[in-house]
Amino acid sequence: MTERNVILKLSNLSKSFDGLSVLKNVSFDVKEGDVIAVLGSSGAGKTTLLRCINNLITPDEGEVFFKGRQVERTRQSIRSFRSKVGFVFQRFNLISHLRIVDNVALPLVKVNGMKWADARKAAEIQLRQVNLGEKLTSYPSQLSGGQQQRVGIARALVMNPDIVLLDEPTSALDPSLVGEVMRVIRRLSSEGRTMIIVTHETEFAKHIANRVIFLKDGEITADSCPTEFFESKSDDVTEFLTDLSAIV
Amino acid sequence: MTRAMSKIILGVIVAGMLWFSYSSVSAVYPFNWRSLARYYKLFIEGIVTTLQLSVIALALAVIVGIVVALARDSKVNLLRDAGTLYVWFFRNMPLLVVILLVYYGFGSAVNIDRFWAGVVSLSLFEGAYVGEIFRAGIAAVPSGEKEAGEAMGLYRSQIMFSIVFPQAFRISIPPLIGQLVTLIKDSSLVSVIALGDLTMRARQVGTQTLAVFEAYILLAACYLFMTSLISLVGRILERRLAIP
């Protein structure tokens with residue numbers, strides 16, 4: 001088996017809000033093809049971690065290394081890094097005045113400098129892969145939550161990113177719509193996409209992820225393969241899984 | 001009762017009331033509409049001047065408004081405070097005083113044409129209101145969409161031009177149309193500096209023909225027609241540009 005390269009390295013990321021420490025010295029490596037599920041209770045710092053990675057929130061301390069090079073906190077460096085990292089939001093965040101195809105084409109035009117006609121062709125291919133080929137000219141408000149999230153995923157993938165960050169991609173959806181988004185993410189995983197998924201869905205962790213990172217009060221308290229994680233006797237993990245099963 | 005039916009009934013009632021008022025006044029005031037007819041060109045000149053004044057002033061007010069809105073939204077304290085000061089000044093100053101300050105005040109220092117004095121006064125004054133309209137429009141764009149732009153790797157200027165402004169503009173159309181209507185009405189104040197707008201021309205015609213009541217009735221009808229037409233165009237534009 002060939003050794004996979006480290007694509008992303010987080011080194012001692014810390015973040016506080018109004019004196020409240022939300023992330024505490026978080027460090028881990030992400031290898032090519034890794035699908036990492038980040039689990040933890042609400043307020044554990046999962047979303048903050050994801051946002052600190054692509055600098056939507058500026059960390060107080062710590063560094064992010066991408067393919068061995070430090071991501072500097074300059075506009076140019078952050079822009080370049082973001083163009084290689086797809087981000088899928090919990091609430092989709094599609095641009096409401098743009099048609100679906102233009103939503104997906106936008107980063108190609110604005111970041112890669114592609115012409116609209118070419119970008120739309122690329123966007124169409126991406127949208128067909130998430131089974132939205134019939135909705136190209138619809139507006140976001142004309143789609144269901146599940147469809148909007150699939151557009152969000154297509155938008156994140158259109159730049160052919162090296163890694164995709166997904167922030168609770170199914171938690172804003174009706175239970176009946178979760179399946180369609182999970183199927184798309186499962187397909188991405190089987191294609192070897194590198195992903196970090198912040199989620200409450202243990203199904204992701206069990207069946208899609210190859211690694212689970214567990215956060216408690218902003219610290220990593222478990223980092224293991226899914227089988228090991230779900231069989232863990234750790235108090236924190238047991239308490240989390242018990243609470244989760246009680247909610248479900 | 002259907003909406004159309006209620007509109008017809010209201011129309012009949014209003015027409016009846018107007019006719020009754022007109023007939024009652026006619027008993028004591030001999031209306032002389034014929035004398036106005038000879039001066040119709042003067043009225044048309046007035047309408048053209050009012051429209052020119054309003055359209056140019058609105059265009060400039062939009063530019064002023066964008067600058068004010070961006071300043072008020074700026075992360076630079078000096079710009080934000082300057083924007084706030086501008087809005088405070090013009091929102092607390094009667095338009096008439098602004099016109100007098102610009103024409104008679106600055107006009108005594110530099111030679112300024114009446115028309116452009118009117119344009120400058122109106123655009124500076126209305127710019128403060130347009131700025132607040134744009135600021136509200138910008139604030140109404142969901143922050144998640146701006147964040148999505150950031151996550152894609154767009155520059156701040158690209159986020160503003162591709163995501164924020166197109167939506168803020170659409171959101172601002174109804175209040176902007178309202179502001180244009182206000183601007184047309186406010187433009188009647190420039191008659192104090194003897195600029196030949198519609199109000200000024202009506203006063204002239206009234207004085208020359210002694211048909212003062214008739215001239216002012218026609219003046220009121222002209223303003224009502226212009227502002228109603230703009231409101232109608234605005235509603236069409238709003239529907240066309242609406243995001244589904």
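## Overall form of chain B

The model is predicted. Chain B contains 10 helices and zero strands, so that its elements, read from the N terminus, follow the order α-α-α-α-α-α-α-α-α-α. Its radius of gyration is 22 Å, well over the 18 Å that the globule rule gives for 244 residues, and chain B is therefore more spread out than a compact globule.

Along the principal axes, the C-alpha atoms of chain B occupy a box of roughly 75 × 60 × 30 Å. Of the 244 residues in chain B, 33% are buried. Where contacts in chain B link residues at least 6 apart in sequence, 75% of them join residues at least 24 apart.

## Packing of H5 and H6 in chain B

Helix H5 of chain B (residues 95-109) packs with helix H6 of chain B (residues 114-140) at an angle of about 135°, and their axes lie 9 Å apart. H5(B) and H6(B) are therefore oblique to each other, since an angle over 145 degrees would be needed for roughly antiparallel helices. The crossing of H5(B) past H6(B) is right-handed.

On the H5(B) side, the contact is formed by Leu95(B), Val98(B), Ile99(B), Val102(B), Tyr103(B) and Gly107(B). Their counterparts in H6(B) include Arg114(B), Ala117(B), Leu124(B) and Phe125(B). By class, the residues of the contact of H5(B) with H6(B) are nine nonpolar, three polar and one charged.

## Contact between chains B and A

At the interface, 18 residues of chain B are in contact with 19 residues of chain A. On the chain B side, the elements giving two or more residues are helix H7 (143-152) and helix H8 (156-186) of chain B. H7(B) provides the largest share of this side, seven residues. The chain B residues that touch chain A comprise nine nonpolar, five polar and four charged.

## Packing of H3 and H4 in chain A

In chain A, the axes of helix H3 (residues 100-110) and helix H4 (residues 116-129) come within 8 Å and cross at roughly 120°. This angle makes H3(A) oblique to H4(A). H3(A) passes H4(A) in a right-handed crossing.

Residues of H3(A) in this contact include Ile100(A), Val104(A) and Leu108(A), while Trp116(A), Arg120(A), Glu124(A) and Leu127(A) are among those in H4(A). The contact of H3(A) with H4(A) consists of 11 nonpolar, one polar and two charged residues.

Definitions and conventions: Residues are numbered from 1 along each chain as its sequence is written. Chains are lettered from A and ligands numbered from 1 in the order in which they are written. This is a predicted model: local features need pLDDT of at least 70, side-chain atom pairs count only at pLDDT 80 or more; totals for chains, interfaces and linings use all residues. Axes are lines fitted to C-alpha atoms, for helices over the stretch in contact, and angles run from 0 to 180 degrees between N-to-C directions. Helices (H or I, at least four residues) and strands (E, at least two) are DSSP runs, numbered from the N terminus. Angles under 35 degrees count as roughly parallel, over 145 as roughly antiparallel, 65 to 115 as roughly perpendicular and the rest as oblique. A crossing is left-handed if the near helix is turned anticlockwise from the far one by less than a right angle, and right-handed if clockwise. Two residues are in contact if their C-beta atoms, placed from the backbone, lie within 7 Å. Ala, Val, Leu, Ile, Met, Phe, Trp, Tyr, Cys and Pro count as nonpolar, Asp, Glu, Lys and Arg as charged, and the others, Gly among them, as polar. The radius of gyration is taken over C-alpha atoms; the globule rule is 2.2 Å times the number of residues to the power 0.38. A residue is buried if 20 or more other C-beta atoms lie within 10 Å of its own, exposed if 12 or fewer, and partly exposed in between; C-beta atoms are placed from the backbone.
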